[in-house]
Amino acid sequence: MSEAAVKTRAAEADALTQRLDALTLPEAGFTAAARADALARLRAMGLPHPRDEYWRFTDPRPFNAPLPQPIPLEETSPDSPLFTDRDRLVLVFVDGRFDAAASSDLALDGAEIDILSQAETRADHWAGALYGKLEAAGQTPVPRPFAALNTAVAADGVLIRVTGKPAKPVHIIHRRASAEADVSWHHLIRLEPGAELTLLETGMVGARSNGVTEVDLAPGARLNRIAAKRAGHQKLGFSGIFARVDAEAAFKNFELSVNGTLMRHEAVVEFVGDDAVAHVAAAVLGDGRTGPFHHDDTVFVTHGAERCESRQVFKKVLKNGAVGVFQGKILVKPGAQKTDGYQISQALLLDDDSQFLGKPELEIYADDVQCSHGSTTGAIDETALFYLRSRGVPKSRAIVLMILSFLADALAEVEDESLREDIAERLDAWLTRHA
Amino acid sequence: MSPTTDLDVREGVDRETVETVANMGSYKYGWDTEIEMEYAPKGINEDIVRLISQRNEEPEWMLDWRLKAFRRWQQMSLPKWAMLDIPEIDFQDQYYYARPKSMAEKPKSLDEVDPKLLATYEKLGIPLKEQMILAGVEGAEETPADARKVAVDAVFDSVSVGTTFKAELAKAGIIFCPISEAIREHPELVQKYLGSVVPQGDNFYSALNSAVFSDGSFVYIPPGVRSPMELSTYFRINAENTGQFERTLIIADKGSYVSYLEGCTAPKRDTAQLHAAVVEIVILEDAEVKYSTVQNWFPGDEDGKGGIYNFVTKRADCREDRAKVMWTQVETGSAITWKYPSCILRGDESQGEFYSIAIANNRQQADTGTKMLHLGKNTRSRIVSKGISAGRAQNTYRGRVAIHPKATHSRNYTQCDSLLIGDKCGAHTVPYIEVKNASSRVEHEATTSKVDDDQLFYCRQRGIGEEEAIALIVNGFAKEVLQALPMEFAMEAQSLVAISLEGSVG
C-alpha cells in the first residue's frame with residue numbers, strides 16, 4: 001500500500017473513532033449482545049467512502065461527520081396533517097425519544113407493543129431473539145455501515161408483535177425539540193402467522209437522523225407500511241428497512257419523500273418462504289429551490305424461495321437542481337424457480353439543472369424466472385401539456401395534473417383507498433405550492 | 001466423472017445423447033500450426049518493451065511512448081469490479097512477443113509468405129489471395145466479383161503476416177496496413193491519433209497493451225471517401241504461453257465511410273492465454289464507421305480448463321458533428337471476456353450504436369457491454385444486447401449511459417435481454433444511467449427469461465431435435481443483432497450460435 005493510501009486509511013479510522021466517540025451507547029439489556037456485535041461489525045467494515053461502489057452516486061461524508069450542523073426549529077406546527085382524521089394508535093417520538101404523555105395507551109387487541117428504551121432492561125423479551133438479526137443478515141453481500149451503527153447505538157424505537165388483526169393502524173409520529181438533535185431509532189416489527197398490521201410513520205425528524213426498521217413476517221402475515229417523514233429543508237437522513245418474508249406472507253412498503261438535503265433510504269427484502277409477495281414503492285418530490293436536494297433509494301431484493309413476486313416502483317420528480325438516485329437490485333438465488341421480479345424507476349426532470357442517476361441491476365441464478373426492469377428519464381410531454389392547455393387548463397395546473405399522473409403507479413401500491421387519497425391530496429397541495 | 005452427469009436433464013432427453021454431444025468437442029478451430037517460432041524472453045520489463053520496439057524498427061518517440069505506458073502500468077492494479085472470477089495471472093510467466101521465424105525478414109508480398117502460414121489462414125477460411133472470396137457464404141458465387149471483395153490484414157501471434165488489396169485501396173487514398181508499418185511510414189497520423197481515444201493509463205490492460213503491443217491494423221480513410229470494400233483483420237493466436245496484444249487504430253476523416261470486420265481464433269490448450277487488445281476509432285465530421293466482431297477465441301474445455309482471457313478496450317470517438325459509429329459484436333469464445341466497446345459522442349448530432357450477442361456456455365464467464373457518453377447536443381445512442389447463458393456459465397451485461405448537462409435533446413434507448421438455458425448458469429444486468437438535463441430522454445429495458453417451453457414443444461413436435469430447436473429459438477432471440485452484421489459475418493455468426501450451445505441442453 002502506498003504512503004498516501006495508508007494515510008487515507010488512518011484518516012478514515014480516525015473519522016470512525018471520532019464518530020463513535022461522539023455517541024453515547026445505551027445501557028445494556030436484552031439488546032446488549034446485539035449492540036456489541038453491531039459495533040464490532042461496524043469497526044471491521046468502516047464507514048463508507050465516496051469511492052465505494054455502493055456510494056458512487058451519493059456522498060456519504062455528511063453522514064460520517066461526528067455531529068450534524070444544527071438546524072433551527074420550524075416555526076409552523078411540526079405535525080404532518082396526514083392520516084390524522086382516522087382512528088389509530090399514536091406513538092410519539094420527540095427527537096427520537098418516546099413521549100408517553102403525547103402518545104396513546106399501548107394496549108391494542110391482537111398486538112403487543114413495547115417501547116425499546118423501557119423494555120430493554122428486561123432480561124427476557126421476545127425482541128431479544130430478533131434485535132439486530134435481520135440487519136446483520138442484510139449486510140451481505142453489500143456492507144451497510146449506517147445500519148450497523150444504528151443497531152449499536154439506537155436510543156429508542158418501538159417493538160411490535162402482532163398475533164391477530166388489530167382493528168386500527170399504529171401511527172408513529174416524529175417531532176423535533178432541539179436544533180442539533182442527531183436522532184436514531186430502531187423499530188422491530190414481528191407478525192406471527194396470519195397476522196396483519198398497517199403501520200404509518202410520519203413527522204419531522206432531527207437535523208440528522210438514522211432510522212432502522214426490522215420487519216419479520218411469519219407465514220401468511222401481511223404488513224402494510226406507509227411512511228411519509230418530513231425531512232424539511234437542510235436535513236440529513238438515513239433509513240434502512242430489513243424485511244424477512246416467509247411463505248405466503250405479503251409486505252407492502254410505500255414511502256413518500258419531500259425535500260431533505262441528503263436522504264438515503266435502503267430497503268433490503270429477503271424471501272425465505274415460497275409464494276410470498278413484496279412490493280417496495282416510493283414517490284419522491286425534490287425542489288432544489290430551498291436548498292440542495294439529493295435523494296437516494298437503494299433497494300436489494302433477494303429471492304431465496306420459489307414462486308415469489310417482487311415489485312419495485314420508484315418515481316421521482318426533480319426540479320431546481322434536485323438530484324434523484326435509484327440503485328435497485330433483484331437477486332435470484334439458485335433454485336428460486338418461478339420467480340416474478342419487476343422493477344421500474346422513472347424520473348421526471350422539470351428543468352435542465354436536475355439529475356437522475358440510476359443503477360437498476362439484475363443478478364439471476366435460476367432459469368425458470370421472469371425478471372424485468374425498466375428505467376426512463378425525461379421531461380414533461382409537451383404534446384400532453386398542449387392538450388390540457390387547449391382544453392382550458394392553466395399551465396401550472398396542467399403540470400401538476402401531469403406530475404400526479406406520473407406518480408400514480410407508485411401511489412397505486414398503497415392498498416387502502418382512503419390512505420391513498422390522503423397522500424394524493426398532500427401531493428397535490430405540495431405540487432401546487434411548489435408550482 | 002463426466003461433466004454432464006450432475007446436470008439436470010430435461011425430461012425426454014436421453015442421457016446418452018447429452019453425453020455424446022458434450023464430448024463431441026465443438027470448437028472447430030482448436031488445431032495448431034507447427035511452425036518455428038522466435039520468442040522474446042519470458043516476462044515483462046523495460047528491456048522487453050525496448051526489444052519489441054526494436055523488432056518493429058520503431059522511431060524513438062514510439063519507444064518513449066511505450067516506456068511511459070509501461071511505467072504507468074507498474075503503478076496500476078488489476079480491475080476487480082467485474083462479475084468475473086479471474087484466476088491469478090502471472091504476468092512474468094508468459095511471452096510478450098512471438099513471431100514465426102520465416103517473418104524475420106519481412107516478405108515483400110504474399111507470395112513470399114511461408115506456405116504454412118498461408119495454409120493456416122486457408123484452413124480458417126480466411127482468403128489471403130485477392131481472387132478468393134470469404135468461404136462459407138452461400139450464394140456468393142452469384143454476386144458480382146467487386147461486391148464481395150474484403151481486404152484482410154492477417155495477424156499471427158505478434159506480427160502481421162500480410163495485408164491484401166493494399167494497392168487497390170491505395171488508389172482510393174485509403175491506408176490499410178499493419179500498425180507497425182504505419183508507425184514507420186505515417187508517423188504524423190499515428191502520433192496525432194494514437195492514445196487519443198484510449199489513453200495509455202485508461203485502465204490496467206490498456207496500459208499493458210500500450211507498452212507491449214506488437215502489431216495490429218491501421219486504417220485511414222481520407223475525406224469524402226467511401227471504402228470500396230470491407231476491411232478486416234483476422235487474429236490468430238498460435239504459440240503457447242504467449243499473450244497477444246494487438247492495437248488497432250482507425251481514422252475516418254470528414255465525410256468518409258468504412259465497414260470493418262474482426263475475427264479471431266486460437267488453438268485448444270490446457271493453459272489459459274492472455275489477449276489484451278486496444279481498438280481506437282476516431283470519427284470526424286459526417287463520417288461513419290461500422291465495426292463488426294465475431295469473437296471466437298478458444299473458450300476452454302467443458303471443465304473450464306484453458307481458453308483465452310479476453311481483456312479488451314475498444315472505444316470510438318465521434319469527435320466532430322454528425323459522426324456515426326456502430327459496434328456489432330458476437331461473443332461466443334474466450335474463457336473470460338472483459339470487454340466494453342464504447343462511444344464518446346462529442347460532436348453535435350453524433351450517433352452511437354451497440355449491438356451485441358454474448359453467449360456463454362460450460363464454464364465461460366463474460367462481463368461485457370458498452371458505454372455511451374453523450375457530450376454533444378442532439379446526440380443519439382441505441383444499445384441492443386442479448387445475453388445467453390448455458391451450462392455453468394456466468395454472463396453479465398454492464399453498461400453506462402451518461403448524458404452530460406450540455407448534451408441537450410439527446411436520446412438513448414437500451415434494451416438488454418437475457419436468456420437462461422439450464423439451472424446452473426447465471427445472467428446478470430448492471431446498467432448505470434446518468435441523466436443531467438431535462439430535454440434528453442433515456443429509456444432502459446431489461447428482461448430475463450428462459451427458452452419458452454411452448455416454442456420448444458412446437459419445434460419438437462415438428463420433428464426438430466432439441467438442440468437444433470434451441471439453436472433456432474436462440475437465433476430468433478438474437479435476430480435484431482444478427483441483422484446488424486454484414487452478410488459474411490451474419491452467416492458465420494448464425495452457425496456459431498448453434499455450435500456454441502452444443503451440449504447445453506439439460
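Q: In which sense do strands β3 and β4 of chain B pair?
A: This is a predicted model, in which local features need pLDDT of at least 70 and side-chain atom pairs count only at pLDDT 80 or more, while totals for chains, interfaces and linings use all residues. Residues are numbered from 1 along each chain as its sequence is written, and chains are lettered from A and ligands numbered from 1 in the order in which they are written. Strands here are DSSP E runs of at least two residues and helices are H or I runs of at least four, numbered from the N terminus, and strands pair if DSSP finds at least two bridges between them. β3(B), residues 150–156, and β4(B) share four bridges, and their sense is antiparallel.

Q: Which residue in the turn of the β3(B)–β4(B) hairpin has a positive phi?
A: Phe156(B) has Val159(B) in β4(B) as its bridge partner. Two residues lie between the strands of this hairpin, and the one with a positive phi, about 50°, is Asp157(B).

Q: How many residues of β4(B) are buried?
A: A residue is buried with 20 or more other C-beta atoms (placed from the backbone) within 10 Å of its own, exposed with 12 or fewer, and partly exposed in between. β4(B) covers residues 159–163 and is mostly covered. The buried count is five of five.

Q: Which strand gives the largest share of the side of chain A that touches chain B?
A: Residues are in contact when their C-beta atoms, placed from the backbone, lie within 7 Å; the contact takes 32 residues from chain A and 30 residues from chain B. On the chain A side, β18 (355–364) and β19 (370–378) each supply at least two residues. The largest share, 10 residues, comes from β18(A).

Q: How are α2(A) and α6(A) oriented to each other?
A: Axes are lines fitted to C-alpha atoms, for helices over the stretch in contact, and angles between N-to-C directions run from 0 to 180 degrees. Helices α2(A), residues 32–45, and α6(A), residues 145–153, pack with axes 7 Å apart at about 150°. Angles under 35 degrees count as roughly parallel, over 145 as roughly antiparallel, 65 to 115 as roughly perpendicular and the rest as oblique. The pair is therefore roughly antiparallel.

Q: Which handedness does the crossing of α7(A) and α8(A) have?
A: The axes of α7(A), residues 382–390, and α8(A), residues 395–411, come within 9 Å and cross at roughly 130°, so the helices are oblique to each other. A crossing is left-handed if the near helix is turned anticlockwise from the far one by less than a right angle, and right-handed if clockwise. α2(A) passes α6(A) in a left-handed crossing, whereas the crossing of α7(A) and α8(A) is right-handed.

Q: Which residues of α10(B) meet α9(B)?
A: The axes of α9(B), residues 453–461, and α10(B), residues 466–477, come within 9 Å and cross at roughly 130°. From α9(B), the contact takes Gln455(B), Leu456(B), Cys459(B) and Arg460(B). Their partners in α10(B) are Glu466(B), Ala469(B), Leu472(B) and Ile473(B).

Q: What distance separates the C-alpha atoms of His49(A) and Asn64(A)?
A: His49(A) sits in the loop between α2 and α3 (61–64) of chain A. His49(A) is partly exposed because 15 other C-beta atoms lie within 10 Å. Asn64(A) is 15 residues apart from His49(A) along the chain, and their C-alpha atoms are separated by 9.0 Å.

Key. Two residues are in contact if their C-beta atoms, placed from the backbone, lie within 7 Å.
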